[in-house]
Amino acid sequence: MSHQVRVCVIGAGAAGLCATRHFCRLPKFFSVNVLEPSASVESSWTNSLQRNKGCLSNPKEIIHFPDFYFDPHLPSFLSSSDVGQYLEQYVNQFELLPYIQFNSAVVSVKPNQTNYKAYIPGDKTIPCSSSSKRRFCISSMESNNSKYANQGDFYQDI
């Protein structure tokens, strides 16, 4: 007898969206919730790029998803707006919007006896996993963010 594993993806950046897409392809096995601190996917990317001094050092030809390309009319080196729009198009193409909870900044992820919970401001908690033997919590947050230092990006109990 199978049941869904609840998965919480923290961050709707490129890695978080890719993970969400692939989990959503197996709805019989996974229930997905994405927690994104920004108001939109595009603003998430723009904010991330601003923290890195607005530099995008890789050309579009090597940073696209394998089956979802940038507009060929765009220049090789993209603006943050171009990348943000690309990620919004990815969300629309693969119908990921219903899984994303915007304005939900995760302040910590903690295990308890049966699962993991993500904590967001206002004392809200979001279960990250089911009480089965398989437990997942995926984060695509930048590792150099001091708020999340010493917290692993991937929790797994099998």
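Glu 95 lies in the loop between helix H4 and strand E3 (100-101); helices (H or I, at least four residues) and strands (E, at least two) are DSSP runs, numbered from the N terminus. The model is predicted, so local features need pLDDT of at least 70 and side-chain atom pairs count only at pLDDT 80 or more, while totals for chains, interfaces and linings use all residues. Residues are numbered from 1 along each chain as its sequence is written, and side-chain values use heavy atoms, with hydrogens and water left out.

**Positive phi in loops**
- Most residues other than glycine have a negative phi.
- Glu 95, however, has a positive phi near 50°.
- Glu 95 counts as exposed because its relative accessibility is 62%; exposed means over 50% relative accessible area, buried under 20%, and partly exposed in between (1.4 Å probe, protein chains only).
- Asn 103, in the loop between E3 and strand E4 (108-111), has a positive phi of about 55°.
- Asn 103 is exposed as well, with a relative accessible area of 58%.

**Nonpolar cores**
- A nonpolar core is a set of buried Ala, Val, Leu, Ile, Met, Phe, Trp, Tyr and Cys residues joined through side-chain atoms within 4.5 Å.
- The largest such core has 22 residues, and Leu 17, Val 32, Val 41, Leu 87 and Ile 100 have the most contacts inside it.
- E1 (5-10), H1 (14-24), E2 (30-35) and H4 (80-93) each supply at least two of its residues, with the largest share, 5 residues, coming from H4.
- A second, separate core of 8 residues includes Cys 8, Leu 35, Val 109 and Ile 120.
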